[in-house]
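Here is a short tour of one protein model, written to be read with the structure open beside it.

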Amino acid sequence: MIIGLIAIFGATIFSGICYRVWKRRIRDREKRTSPVRLMVVLGSGGHSGEMLKILQKMDFSKYSPRCYVVALGDESSCTKAEDLESGSKDHFIEKIYRSRKLHQSYISSIFSTLWATRQCISLIWNFRPDLVLCNGPGTCVPVCIVAALFSILFPSREHCKIVFLESFCRVRSISLTGKILQYIADLFVVQWPELEGKDKKYVGRLF
């Protein structure tokens, strides 16, 4: 009796996973006619600089609305994002708790990341991004984890694709953030041939 129940439960879980994969592939084949709801994660320093240079090459009429996610206290990234948008009204900026501060221990960063993850739940649920674009700041870890979990737990929602662009300064090894997100990113892009691999696509310099 118990073995039978376990078998039924296992078959149900397996069928559910197969159904979600099948449904996701069907949705991915559909041609999009509406703009992509874009969520961009900005980080302090060079991360924001690289990301903003990439965004300058994008046609914003195809990506609307746009949500910029920055860490609390990162006013520089907020200013740069507003400068890029040049007064457009189809964007907004959301601030979340910083996953790991400079020189913060890895143990304590677990708790700060959990707090940031809690903030991301309502943010991603309400915004419903079609695409999350990030390039390495620790702030993007809770954002991407929540986006991936929603795609699995709520298959009726549009699948949110996660694109991770490894920083140009990573030449011989990927970042800690990259090591975490390589397992959930739909596309993992590297800018140096030394980093190219099975799940890492080399495209050359992006900006």
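What follows looks at one strand and its neighbours, then at the salt bridges.

## About the model

This is a predicted model, in which local features need pLDDT of at least 70, side-chain atom pairs count only at pLDDT 80 or more, and totals for chains, interfaces and linings use all residues. Residues are numbered from 1 along each chain as its sequence is written, and side-chain values use heavy atoms, with hydrogens and water left out.

Four of its five residues are buried, so E5 is largely enclosed by the rest of the structure (buried means under 20% relative accessible area, exposed over 50%, partly exposed in between, with a 1.4 Å probe and protein chains only).

E4 (residues 131-134) runs parallel to E5, joined by four bridges (strands pair if DSSP finds at least two bridges between them). Leu-131 has Lys-161 in E5 as its bridge partner. Between E4 and E5 the chain passes through helix H5 (residues 140-153) in a right-handed β-α-β crossover (clockwise from the first strand over the helix to the second, with the strands pointing away from the viewer).

## Salt bridges

The whole structure holds three salt bridges (a side-chain nitrogen of Lys or Arg within 4 Å of a carboxyl oxygen of Asp or Glu). Arg-66, Glu-85 and Asp-90 form a linked network of them. Arg-66 and Glu-85 are both buried, whereas Asp-90 is partly exposed at 27%.

Notes: Helix = DSSP H or I, 4+ residues; strand = E, 2+ residues; numbered from the N terminus.
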